[in-house]
There are 2 protein chains.
Amino acid sequence: MKVAFVVYTPMTVLDFVGVYDPLTRLQSMGFIPDLTWEICAIAESVGDSHGLGIVPTQINQPLDSFDLLIVPGGITPLVYELTKNAQLLEWLQTARNCKLKVSVCTGSLLLGAAGFLNGKKATTHPNAYDLLQDFCEVVTDQRVVDAGDVITARGVTASIDLGLYLCEKFVGVDATKKIRAMMDYPYVVTIGRNSNDSR
Amino acid sequence: MKVAFVVYTPMTVLDFVGVYDPLTRLQSMGFIPDLTWEICAIAESVGDSHGLGIVPTQINQPLDSFDLLIVPGGITPLVYELTKNAQLLEWLQTARNCKLKVSVCTGSLLLGAAGFLNGKKATTHPNAYDLLQDFCEVVTDQRVVDAGDVITARGVTASIDLGLYLCEKFVGVDATKKIRAMMDYPYVVTIGRNSNDSR
């Protein structure tokens, strides 16, 4: 299994790292020994919304050789601007044949703008529900939304729950329990609504 | 307030990013407008345990000008090796006058080896409780342990709970609720034992 972790300026770095941690443990803990990944960017230099520099391992290469595409989000108006960036969308569209496309937070706006959410149920950060409506069939407030070949997660910290959800999908409950223990994560992965939601 | 986020090879990047996210929101959401930070390393090149490159902003500079020192952990035997690295410990010791020293996961082994946990109650990743005993007064399994000028957190994902705990300490409950909402974090910060602990 080959994973593309997409990184870009100005993403929210926890959106990326929350799912990166459990997924890379699939390899380092021996559950999927041949799991490989690249940190994929369209530009050489990548900074989060506060300027934190992340070093990509693949720059402006087509994404068509990956099995799993993972797109983090960022501050809503900034990511919404990126949904009009033709160069970025064309690059993301090279992933059209990836078996599974996944996003965290407003990353779903980018998946949507690339056309990957057509006819799909999806979620995003609660402050971007309205914006997502233009890019998918149904917006929902579930923490992780599995729509088959596309899985979307809610805001920022939902990245960890998404990661554990993917682990369970790939290697089952028992292996995921061991990953969860190594991450010292005591919280139940809430696939339904967040307990603090008003809507 | 000036924060030193220590990064080093081979840290666990989620240990760093989990607390980095809420703390940097203190500045970007306007709660502490003059909060500044540096990404501090002893070497120019920093990679997590899987080789992910993080770009430091200060290299091998003394840490004596910071108010808050934050040290992430990494894979237990690798970090335990670093507790014998005199150059790293001397560098960390330049933070001795920082008002608050904080660690995530096995980062507490480094705080301890630098002498900052003498006479203190502290915690770490559950798989490093025994190792921590040599470096502090009492090892506890609480998720976040506030020992005054030193605060330690348990494994990896406890970094987020630590970050929110620090936010509440610095700017109070109401501001922290807003940060928590932006992070879309529905889980209660468990300062006591993890619900999945056997001990």
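**Figure 1. Superposition of chain A on chain B in the predicted model.** A rotation of 180 degrees, with 0.0 Å of shift along its axis, brings chain A onto chain B with an RMSD of 0.0 Å. The two copies are thus related as by a two-fold rotation axis. Among the residues of chain A, the closest approach to this axis is made by Ile54(A), whose C-alpha atom lies at 2.5 Å.

**Figure 2. The interface between chain A and chain B.** In this view, 30 residues of chain A are in contact with 30 residues of chain B. On the side of chain A that touches chain B, the elements giving two or more residues are helix H1 (13–28), strand E4 (53–55) and helix H6 (158–182) of chain A. H1(A) provides the largest share of that side, 7 residues. Classified by residue type, the side of chain A that touches chain B comprises 15 nonpolar, 12 polar and 3 charged residues. The copies meet through the same surface, because 100% of the interface residues of chain A are also interface residues in chain B.

Figure 3. E5(A) pairs with strand E2 (residues 36–41) of chain A in the parallel sense, over 2 bridges. In this pairing, Cys40(A) has Gln58(A) in E5(A) as its bridge partner.

**Figure 4. The fold of chain A as a whole.** Chain A contains 6 helices and 11 strands. Its radius of gyration is 15 Å, close to the 16 Å that the globule rule gives for 199 residues, so chain A is as compact as a globular protein of that length. The C-alpha trace of chain A spans about 40 × 40 × 30 Å along its principal axes. Of the 199 residues in chain A, 52% are buried. Among contacts in chain A between residues at least 6 apart in sequence, 68% join residues at least 24 apart.

**Figure 5. The surroundings of Thr106(A).** Thr106(A) is located in the loop between E7 and helix H4 (107–113) of chain A. This residue is buried, because 32 other C-beta atoms lie within 10 Å. When neighbours within four places in sequence are left aside, Thr106(A) is in contact with Gly73(A), Gly74(A), Thr76(A), Val79(A), Thr124(A), His125(A) and Ala128(A). Ala86(A) is 20 residues from Thr106(A) in sequence, and the two are 17 Å apart in space, C-alpha to C-alpha.

Technical notes. Residues are numbered from 1 along each chain as its sequence is written. Chains are lettered from A and ligands numbered from 1 in the order in which they are written. This is a predicted model: local features need pLDDT of at least 70, side-chain atom pairs count only at pLDDT 80 or more; totals for chains, interfaces and linings use all residues. Two residues are in contact if their C-beta atoms, placed from the backbone, lie within 7 Å. Helices (H or I, at least four residues) and strands (E, at least two) are DSSP runs, numbered from the N terminus. Ala, Val, Leu, Ile, Met, Phe, Trp, Tyr, Cys and Pro count as nonpolar, Asp, Glu, Lys and Arg as charged, and the others, Gly among them, as polar. Copies are superposed by least squares on the C-alpha atoms of residues with pLDDT of at least 70 in both. Two strands pair if DSSP finds at least two bridges between them. The radius of gyration is taken over C-alpha atoms; the globule rule is 2.2 Å times the number of residues to the power 0.38. A residue is buried if 20 or more other C-beta atoms lie within 10 Å of its own, exposed if 12 or fewer, and partly exposed in between; C-beta atoms are placed from the backbone.
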